[in-house]
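The sequence and the structure come first, and a description follows.

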Amino acid sequence: MTASSRRFSLSRRRLLTAAASLGAGVIAAPYVARADEAVLNVTGWGGKWGEVMKAEIGPAFETEFKCKLKTDTALPFLPKLQASSRSAPVYDVLHTNSNEQWAAVEMGLVEPKVDPRLVPNIADVYPYAVSDKIVGVCIFTSAIGLGMRTDKGYGSITSWKDYWDAKFNGARGGYVIPANSLGQAFVMMCGTLFGKGQTDLDAAYAALEKLKPIKLVDFTGAMEKLILSGEAGIGILHDSGIYRYDGQNQPVDFVTPKEGVLSLEQVLSITPGSKAKELGNAYINYMLRPDVQKRLAETVWYSPANKQVKLDAKYDAKLLTTPEKVSKLIQVDWKWYNAQKDEIDSRVNRIFRA
Amino acid sequence: MPATGAPRVNSLALLILPSALLFALFFFLPIGLMAVMSVLTGNPVVMPHVGFTAKHYARIGNDSYYLEVIWTTLRIGLWTTIVALVIGYPLAHWMARIRSRSGHALLLMAVLAPMLTGIVVRTFAWMTLLSDKGVINQVLAALGLISTPLQLMYNESGIIIGLVHIYVPFMVLTLTGVIGRIDERLEQAAENLGASPWRTFLEVTLPLSLPGILAGSLLVFALAISAYVTPILLGGFQIMTLPILIYQQISANFNVGFAAALGMVLLAISLMLVIAYNHVLGLVSGQRELQ
C-alpha cells in the first residue's frame, strides 16, 4: 500500500458519512448562526400590508433591533393563541381588529393595556387609539362606510339608511356577521340608526331582516371583489378597500354616511406569558413611528394613529389625518358586543339563512 | 423441548403494527380528544379548574336552529349521494363493460381528469357559471329568455351541483371495480332464459352490484356531509352546514367545547345512518352478511 493511498483512502462508508455531515451542516448552519438571535412572534395581514412588511418594515426592524421577526399571516389567530401554553404563547404581539382583542383580553390571552413608559410613541397618538374602547393600542384605523359602484346610475348616496333602498335588492353586499368585524360593527350601527343606540338589538335585528335579498361574504377582500365584479352595487366596506384602487380607473367610490363612519381599528397588544416583552414593546413603538406609519398608510390606505404623521396630499385628502376628521369615527363597545355574541350569532344566522 | 405454553407472535402481525399505531394516533386519539373536550367546561391544558358539563349538548338539543343545521347537512349529503349514484352508475357500468382498451382508458381519464384540479378551483369554476353575472345567466339574458338573473347559487341546489361534480368520480371508481367483477355469464344466462335486458339488469346486475353501491354511497355521503369549501362558496354563507358551524365556533366564537360537541353529534348521526343503510341494503339484496 502506498503512502498516498493510505492518506486518501475513501470507502463508501466514509463518503456517505462525510456527505451526511456536510448536508446536516448546511441545513443547520443558519439555525446555529442565529442561535442567540432573539425571535419576536407576531401576527399580521397578508396582501399589500404583508408585502410591505416583508420587504421593508420587517427587515428594517430586524436590523435595528438585531432580532428575527416571525409573522403569522394564517388566520384565525386567536384559536392558535387559545390552544398554546399561557407561559409560552405562540405569539408575543397580537395584531388583530378590536373585536378579537376584546375576546382575547376576556380570556386572559393578552394584556389589557400597553405601558406608555415602554412605548413612548403612544404620547403622539389620537385619543381614540388608547380610549377605553381599545385593548392594547390602536396603530391604524379605517373608516367603515359604504362602498359602491358609480356606473349603475344609483344616484347620490348620503346616509346609511340608503343601504336599505329597494333599488339595491339583489345587488346589496353584506357580511357573515359572526365572522367579520365590519358586519359586527354594522349590527351596532343598525341599533343606532333604527333604535335607541348601539345596544338596541331588537331594532338591529328588525333592520337586518329588511336587507334581504343580500349577498354575504366573510372578508373585506371578498366584498371588494363582489363590488368590482358588479355582483354587488353597494356593500359595507372600509375606506381603504376602495381607495386602494385609486388610479386604476375602477367605477367604485367610498361613501362617508352623514351619520358617521364606524372605526375599524388595527390593534397591537402584548401576551402576558411572552418571553420577549421588551422586544414586543419595541415593536409596538416602532410601528407607531411617523416614518413607519407614513409608509404603511400610503401603501394600504390606513389612517395612521400617530397625529404627527404628515401624509402626501393625495392621501391626506382622503384619510383621517386631522382631529376634525377623526371625530367622525364611531367606536364600538366590543366588550358589550362579545358578551352578547352567541345570542347575536344565533339570531343573525337565522335571519340570513336562505 | 420447546415450551408449548408460551404465546407465539406471528411475524406478519408485526407488519401491521406501524399502520395500527398510525391509525390509533391519527384517528382514535383525535376523536377521543374531541369527545373529552365536548364534555369539559374548558381546555384542561391551559385552564386550571376544568370540570365536566353537558351544557354543550343541552344547547344543541334546546335550540331548534342547531337541529335545522344538522338536518340541512344530512339533506345535502343525501341528495348529493343520490344524484352522484344516478349519474355515476351508468358511467361505471359502461366503463366496466366496454370492450375497447383505449375506450376504457379514455373514459377513465375523463373521470379522473377533474380530480387533477383542486376543489377550490373547481368550486370557483362553478361560481363563474352559476352566479348572477355568470355564464349561464349572461347567455340566457343575451338570448332574451330572462330579464332578471336565475338564482342558480346561494342555495342548496347550487351546493349539490358543486358537490356532485366533485364526488362523482369516487362513486364511479368504486362501482366500476364491483361491476367489472360480476360474471357476465350470469347476465347471459338470464337473457337465455327469456329475461329482457332491463329485467336482467334489475334482477341480476343491480343486486350483485349492491356492495359497490353501498361502498360508493357511503364514501360520497361521508365526504359530502363533511365538505366545507363548496358549501361555503356556492351557498354564499346563507346555507349553514355542520362543518361551517363548527369552523365558525372555533374561529369566531372561540368555543372549542361546543364545536367538539357539534362534531360528536355529526359523527354519531353518520354512524347511525351507516348502520341503518347497511341494514336496509342487506334486507333488499338478501345479502345477510351486509348486516
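**Chain A as a whole**

The structure is a predicted model. Chain A contains 15 helices and 11 strands. Its C-alpha atoms fill a box of roughly 100 × 45 × 45 Å when the box is taken along the principal axes. Of the 354 residues in chain A, 54% are buried. Among the contacts in chain A with a separation of 6 or more, 73% are between residues 24 or more positions apart. The chain exposes about 15800 Å², and carbon and sulfur atoms supply 55% of that area.

**The surroundings of A:Asp151**

A:Asp151 is placed in the loop between strand E4 (137-149) and strand E5 (172-175) of chain A. With a relative accessible area of 42%, A:Asp151 is partly exposed. The side chain of A:Asp151 makes a polar contact of 2.8 Å with the side chain of A:Arg149. In sequence, A:Asp151 and A:Gly233 are 82 residues apart, while in space their C-alpha atoms are 9.0 Å apart.

**Salt bridges**

Over all chains, a search of the whole structure finds 25 salt bridges.

| A:Asp115 | A:Arg117 | 2.8 Å |

The pairs may be considered in turn. In the salt bridge between A:Asp115 and A:Arg117, A:Asp115 counts as partly exposed at 23% relative accessibility, whereas A:Arg117 counts as exposed at 73%.

Because A:Asp246 lies in the loop between helix H9 (240-243) and strand E8 (252-255) of chain A, and A:Lys318 in helix H12 (residues 313-318) of chain A, the pair ties together parts that are 72 residues apart in sequence. A:Asp246 is partly exposed, at 31% relative accessibility, and A:Lys318 is partly exposed at 35%.

In chain B, salt bridges that share partners join B:Arg97, B:Arg99, B:Glu184 and B:Glu187 into one network.

**The interface between chain B and chain A**

The size of an interface is often given as the accessible area lost when the parts come together. Between chain B and chain A, the buried area is about 2300 Å², and carbon and sulfur atoms give 50% of it. Of the area that chain B buries against chain A, 30% is supplied by B:Phe237, B:Gln238 and B:Phe254, more than by any other three residues. In terms of contacts, 25 residues of chain B meet 34 residues of chain A.

On the side of chain B that touches chain A, the elements giving two or more residues are helix H3 (64-97) and helix H12 (242-251) of chain B. H12(B) provides the largest share, 4 residues. By type, the residues on this side of chain B divide into 11 nonpolar, 9 polar and 5 charged.

Terms used. Residues numbered from 1 in each chain as written. Chains lettered and ligands numbered in written order. Predicted model: local features only at pLDDT ≥ 70, side-chain atom pairs only at ≥ 80, totals over all residues. Heavy atoms only, no water. Contact = heavy atoms within 4.5 Å. Buried area = accessible area lost by both parts, 1.4 Å probe. Nonpolar A, V, L, I, M, F, W, Y, C, P; charged D, E, K, R; others polar. Buried < 20%, exposed > 50% of the residue type's maximum accessible area, 1.4 Å probe, protein only. Areas by Shrake-Rupley, 256 points an atom, 1.4 Å probe, with all protein chains shown as cover. Polar contact = N/O pair within 3.5 Å; in protein donor to acceptor, adjacent residues only side chain to side chain. Salt bridge = Lys/Arg side-chain N within 4 Å of Asp/Glu carboxyl O.
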